[in-house]
Structures are given as C-alpha cells and as structure tokens.
Amino acid sequence: MRSRTAPAPTSVSRRTLLSGAVGAGVVGAALVCTREGAAASALSGALQVAGSTQAYALAEHPLQAAATDAAAPATGLRSLRSAADLAVVTVEVGGGHMVGVTFPTGTSADTVAVRVRRDGGDWGAWTELALHDSEPDPGTSEARGAVTGSDPLWVGALGASATVQVRLPRADVAAARLQLVDAGTSSALSALAAAALTGSPAAADPAGSARGARSTLAAAARSVPQPTIRSRAEWGADESLRRGGVGYSGTIKAAVVHHTADGGSYSAAEVPSVIRGMYRYHTVSLGWSDLGYNFVVDRFGGIWEGRAGGITKPVVGAHAGGFNTDTFGVSMMGDFTSVAPSAACLESVARVIAWKLSMYALPADGAAWLTSAGGGTARYAAGTTVKLRTVNAHRDVGFTACPGNVGFTKMGWIRDRVVQIMGSAPSTAIDAKYAALGGGAGTLGGPTTAESTTPAGNGTYRFFTGGAIYASAATGAHTVRGAILEQYGRLGWETGMGFPTTDDSPAKGGFYNHFQGGSIYWSPATGAHEVRGAIREKWASMGWEGGRAGFPVTGDSRALGGWFTHFQGGSIYYSPASGAHFTGGAIRDRWAAMGWERGGMGFPTTDDTPTPNGKGWYTHFQGGSIYWSAATGAHAVRGGFRDTWASMGWENSWLGFPTKDEYAVEGGMRVDFQGGTLTWSRSTGKITAKRN
C-alpha cells in the first residue's frame with residue numbers, strides 16, 4: 001500500500017470568518033454584547049447629560065455647637081455622640097440636586113444629619129444619613145480609590161442660592177467635605193422616563209398573593225422573559241465618569257436587595273436625574289469606578305440598568321462589600337426604614353431577579369455558598385464561606401439596616417413572587433433539553449445568557465459555561481460545545497451553518513456536530529473544521545472519519561471553479577463538471593506539485609483507485625491521469641500520450657507503469673515507462689511506441 005502524506009492545512013474558508021479565537025464562555029459574552037448593544041445605541045449620545053460635583057471643605061465654613069441650635073431634634077441622633085461633641089457647619093451653595101458628606105480620613109460616627117434652606121426661606125427638617133453601607137471588595141483597585149461617605153440625599157433643584165447645614169462629630173469637621181451634586185437636566189430624558197414608566201408592568205398584591213405552591217425545580221428549569229430594563233443611555237449616564245474596566249466574576253450565585261436610603265419623593269420625570277446623581281456621587285465623591293448597584297428600581301416600577309458591563313453578565317458591583325463577587329445588586333430607590341416600597345416597585349424587583357436567576361438556573365428559594373472578601377461593612381470575615389439564600393437582603397451579608405426595616409419585611413414576599421414568576425414561565429425546547437442534561441449539575445453547567453431569539457427570528461439560543469443550546473422548529477434543540485462551538489461562531493452561527501441537527505457527539509477519536517448546512521468535526525490533532533455539500537456526502541460514503549480520509553484538517557475551501565477540503569489521509573475536490581472525488585498519498589502529492597486543479601490537470605474525475613493488476617493506484621483527472629506503483633512512484637500521463645497508452649491496455653500493456661512525466665526531446669516530447677517509451681514528433685504529430 002502506498003504511503004499517504006497529509007498536506008499543510010489551507011486556511012481559506014467559504015464563509016467570512018469571525019475575527020479572533022474565542023472560548024465557549026467568551027463567545028456567549030461577545031454575542032450577547034453585540035445583540036444587547038444595538039438597543040442601547042438607538043439613543044443618541046446627545047441625551048447623555050453633563051452634571052457637576054462641588055466639594056466644600058467644612059473646616060472653611062461657619063461652625064457652631066449643635067447644642068445652641070434650637071431646631072436640632074431632641075431624639076433621633078442614634079449613634080451620633082452627645083450634643084457636646086457635635087457641631088453644625090453652615091455652607092452657602094449654588095445649584096445642585098443631591099447632597100452627601102464624605103470623610104477622607106474616616107469617622108467613628110455611623111450617621112450625619114443635613115438640612116436645607118432655599119433662597120432665604122425656612123429650614124427644612126433634619127435628615128439623618130447613615131454612612132454608606134455598600135462598598136467595593138477589599139483589595140480591588142476600586143476599593144483603593146474609595147473614601148468613607150454618607151448615603152446621598154436627593155433634595156431636588158436647590159436654585160441659585162441655598163444653604164446646607166451639616167451636623168456631625170466636631171472631631172470630623174477638619175477633614176469632612178460636603179458633596180453637592182448637580183445631576184444635570186434633560187427635558188428629553190425626563191419626558192421619556194415619564195412616558196415609559198406609565199407602561200411599567202402591573203404590580204402584584206404585596207400583601208401575600210405571591211405566597212402559595214413553591215416549585216423550585218420548575219423555577220430552576222425555565223427561562224423567564226426579560227422585563228423592560230431602561231438602559232444607561234436612557235438615564236443619561238456620562239460614561240466618561242467611569243474609572244477602569246468592567247470587572248466580571250465567573251457566574252451568578254445570588255441576588256442582594258437594597259434600598260438607596262433616599263427620601264423617595266422624586267417624580268417620574270425626575271427618576272433619570274436621581275440615578276445620575278447617585279452615579280456621580282458614587283464615582284466622583286466616593287471614588288468608585290461606577291454606580292454601585294447592577295439594577296435600580298424606582299417607586300413607579302421602572303427597572304434601570306445600573307453598573308455598566310452588560311445586564312446579562314456577571315458584573316462585579318460595589319453593592320455589598322465582601323460579597324460583590326458572584327452576586328448582583330437590585331436597589332429600590334427610596335428609604336424604606338419606616339415606609340413600605342410601592343407594590344409596583346416590589347413587583348419589578350421580583351421580575352428582574354426572576355429573570356436574572358433563570359439565566360443562571362438558580363431557584364428563588366435555593367441556597368448559595370459564598371466566600372466573604374471581608375471589609376468594613378461585611379458581616380463575615382475575609383475567607384469565611386457561608387451558606388446564604390439565592391435572594392438576600394443586604395443586611396444578610398453586611399452590618400447594615402438596608403433595605404430598611406419595613407423593606408426587610410417584604411423579602412419573603414419577594415422570594416415567593418420570584419418563585420411564582422419562574423414557575424409560571426412557559427417551558428421552551430431549550431429549557432427541556434437543559435433539564436434533560438441535568439441542568440446546572442450537568443455537563444453544560446450554569447447559563448451565561450438569557451434565552452434569546454436569533455436575529456432572523458427563526459430559532460432561539462442560550463449559552464452556558466460549558467457550551468450552548470440552539471433550537472428551531474425544524475431541528476429541535478441540540479447542544480454545541482467547545483472548539484466546535486467556536487468554529488460555529490466563526491462561520492456565522494445559524495446564518496452560516498444553519499441550526500444543529502445533532503448534539504455534539506463522540507467521533508472516532510474526536511467529536512462532531514451535524515448542522516443543516518454541513519458538519520463540524522474536531523479531534524485533538526486536527527482542530528475543528530467544517531465539511532459541507534457534495535464533499536461531505538463523498539466523505540460520508542467513505543466512512544466519515546473512520547474511513548481512509550480521517551478528520552478534516554481544513555474547512556470547506558474555494559478552488560478554481562469548485563471547492564475542496566483537505567483531510568488527514570487525503571483531499572476531496574469538487575466541481576460541478578467533475579463531481580466530488582478523493583485523492584491521497586503520492587498521487588495527491590504529485591498533483592499538488594503540478595499546481596492542484598490550476599496546473600493543467602484540472603479536477604479529479606475518479607477517486608484514487610487500485611489498478612486491475614493490483615500493483616498500483618491511479619486517479620483520472622480532467623486533463624490527464626496520475627499512476628503510481630511502488631516500483632515507479634507517481635507520474636502524470638496526459639493528452640495523446642494517455643490516449644495511446646490507454647489504447648494499448650494502460651499499465652497491463654508491455655509499457656507497464658510510467659516512470660517519468662513527459663519531457664522535451666529533440667524534435668518533440670516523450671514519456672518513459674517501465675517497458676519502453678512513447679515519443680511525440682513535432683514534425684509529424686504522431687506518437688511512436690518503442691520498447692526498451
């Protein structure tokens with residue numbers, strides 16, 4: 001049997017390749033980013049609203065003892081020290097919508113108090129602000145730039161002339177700063193917000209209608225449709241305020257519910273301004289890299305994208321110090337210490353949590369094992385692994401009253417409502433396939449994206465840590481994983497290869513997926529390559545990877561007037577005129593040396609075929625034939641030489657096998673054979689056979 005030498009892989013592809021090599025998780029991320037980003041880009045950058053931040057050093061402004069202030073409340077100081085240790089600082093300000101106090105060198109107090117007077121009018125009530133109980137995880141670059149500060153307070157437009165008083169420990173006055181945030185204004189965004197919030201989903205009854213049958217397994221197996229989530233562009237995020245890159249964890253294990261501790265007196269039109277104020281306070285005043293929460297929900301039921309990085313992705317926030325990794329934060333806009341969140345707010349909190357948990361196959365009433373990163377607000381020391389719920393209140397993981405005493409009483413309702421939403425979501429083909437594979441405990445692992453519709457609307461897909469499931473009405477739901485998934489993506493996903501018609505399945509020494517438009521085969525030695533059309537049919541007739549050809553080493557590639565695929569054991573070439581045929585070993589090597597189909601021989605018209613006498617092999621081409629034997633090697637015979645040799649009986653004639661390709665001699669051309677020669681005369685045009 002002749003030796004067969006594999007060719008160097010050819011990289012030309014029939015389809016436009018996606019740039020870059022990406023793994024399964026990253027593929028899912030890139031895809032989602034592209035398809036999510038289209039919606040956000042629909043809003044013009046002109047809707048982004050510039051604001052400002054002014055920091056007033058309290059030591060530079062009038063100070064008086066808190067005890068001399070007749071308006072100071074007799075109660076409510078909580079952890080502020082005795083009145084003799086307190087001071088009131090008065091600051092004249094201009095403009096602004098939100099105030100807070102920062103302590104660059106720290107403070108021993110847990111709260112400060114502020115009040116506001118507009119344009120010489122009466123003083124408003126004192127509002128006590130707790131020190132901000134969210135923070136970045138210790139050791140991160142974000143934490144290194146952060147300072148201690150109070151919760152921010154939305155006070156509305158202060159006008160050109162206003163006065164702010166701050167009551168705080170006298171020892172902190174020297175370093176403390178009043179932060180005055182101007183959130184900017186945009187009538188366009190305000191109008192959009194007011195109009196959009198009128199369409200927020202109807203609220204469920206928070207008194208207890210969510211309580212009832214709890215179906216954890218059903219909830220974990222189903223994909224919840226994404227609720228309406230307003231983008232950062234829709235609240236006017238100034239992206240230049242963000243610092244550094246986005247941080248991602250490996251997955252999502254739990255949700256953490258917060259409140260912003262703000263008074264909650266904003267109107268629907270003011271919602272974008274309030275979020276812009278929080279964003280500016282978190283980044284400019286506290287030194288964080290972005291807004292701390294992943295999502296914020298207003299009192300009208302509107303859900304807003306918080307921290308940048310992708311709403312479907314495991315973005316690390318700054319919402320729960322010590323437990324920001326593998327969690328996402330949902331914050332209710334308002335102070336729910338003594339009042340309850342609105343029914344619309346609670347419903348939207350439950351909807352966004354149910355949607356996000358379903359992406360990662362997490363039940364609302366399940367358990368999550370999380371390891372604390374520690375920090376000043378964390379309830380558990382660094383390195384401590386604790387068992388938490390999949391839906392937690394902030395106070396479950398941190399030393400804080402968040403989400404407020406009354407807000408905390410709604411956590412049971414939120415969990416029950418999340419279970420109800422997840423359990424009532426319609427089960428899809430992808431859900432059923434995922435459940436059949438063992439869900440999150442199976443080989444696919446946890447989801448990394450929501451179930452989404454393909455751009456053409458002809459199917460759905462969902463990505464997981466260990467691969468993807470694609471589904472259509474015509475093909476059903478099937479898995480695609482690893483290097484095969486990467487190649488599928490490079491070829492254009494379902495637009496390039498169609499939907500998978502099989503799961504990724506073991507091959508002889510590798511794996512494969514069949515698709516509507518062909519197959520992708522992978523082995524450790526060859527990588528992943530597609531095979532399509534008539535070439536695939538020919539390869540299948542030869543026994544796929546178990547036959548002479550072995551695995552593909554190139555994808556389906558362009559030839560001059562046709563297509564080819566190289567395999568470990570040879571090549572299959574196709575043209576409409578010749579069909580698909582296999583050639584390998586020394587015959588293919590000789591054909592390659594002559595220039596493949598471009599070198600005058602054209603496409604093969606037969607496969608590599610044993611000679612009748614069993615002493616060699618041959619392949620016929622459009623422009624001639626190549627014959628091989630162990631004694632002679634591989635040589636081409638073309639034109640009149642081949643016709644004459646054929647008329648004499650090919651290799652079974654006294655000429656035997658060719659020993660040399662045609663070459664020039666005086667007066668013509670010649671081909672040498674084992675038993676003689678064929679010579680063509682230029683003067684006569686005749687071919688003469690001569691024995692050795």
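Guide: One term to begin: two strands pair if DSSP finds at least two bridges between them. Helices (H or I, at least four residues) and strands (E, at least two) are DSSP runs, numbered from the N terminus. This is a predicted model, where local features need pLDDT of at least 70, side-chain atom pairs count only at pLDDT 80 or more, and totals for chains, interfaces and linings use all residues. Residues are numbered from 1 along each chain as its sequence is written, and side-chain values use heavy atoms, with hydrogens and water left out.

Visitor: Ok. How do E27 and strand E28 pair?
Guide: They pair in the antiparallel sense, over 3 bridges. E28 covers residues 562–567. Ala559 stands opposite Gly562 in E28.

Visitor: What order do the strands have in that open sheet?
Guide: The order is E27-E28-E29-E30, 4 strands with antiparallel pairing. Strand E27 (557–559) and strand E30 (579–583) are the edge strands, and each pairs on one side only. Neighbouring strands here are turned by 30° against each other on average, direction ignored.

Visitor: What holds strands together in general?
Guide: Strands of a sheet pair through backbone hydrogen bonds, either parallel or antiparallel.

Visitor: Now E10. How many bridges pair it with strand E1?
Guide: There are 6, and the two run antiparallel. E1 spans residues 52–57 and E10 spans residues 177–182. Arg177 in E10 is the bridge partner of Ala57. Strand E4 (residues 98–103) is also joined to E10, by 5 bridges, again antiparallel. There, Val99 stands opposite Leu180 in E10.

Visitor: Helices next. At what angle do H7 and H9 pack?
Guide: About 55°, with their axes 8 Å apart. Axes are lines fitted to C-alpha atoms, for helices over the stretch in contact, and angles run from 0 to 180 degrees between N-to-C directions. Helix H7 is residues 343–359, and helix H9 is residues 411–424. That angle makes H7 oblique to H9 (under 35 degrees is roughly parallel, over 145 roughly antiparallel, 65 to 115 roughly perpendicular, and the rest oblique).

Visitor: Last topic, pockets. What volume does the second largest pocket have?
Guide: About 720 Å³. On a 1 Å grid over the protein atoms alone, a pocket is an open set of points where a 1.4 Å probe fits, with protein on both sides within 12 Å along at least five of seven lines; lining residues have an atom within 4 Å of a point. A volume is the space filled by probe spheres set on the points, which are joined across faces, edges and corners.
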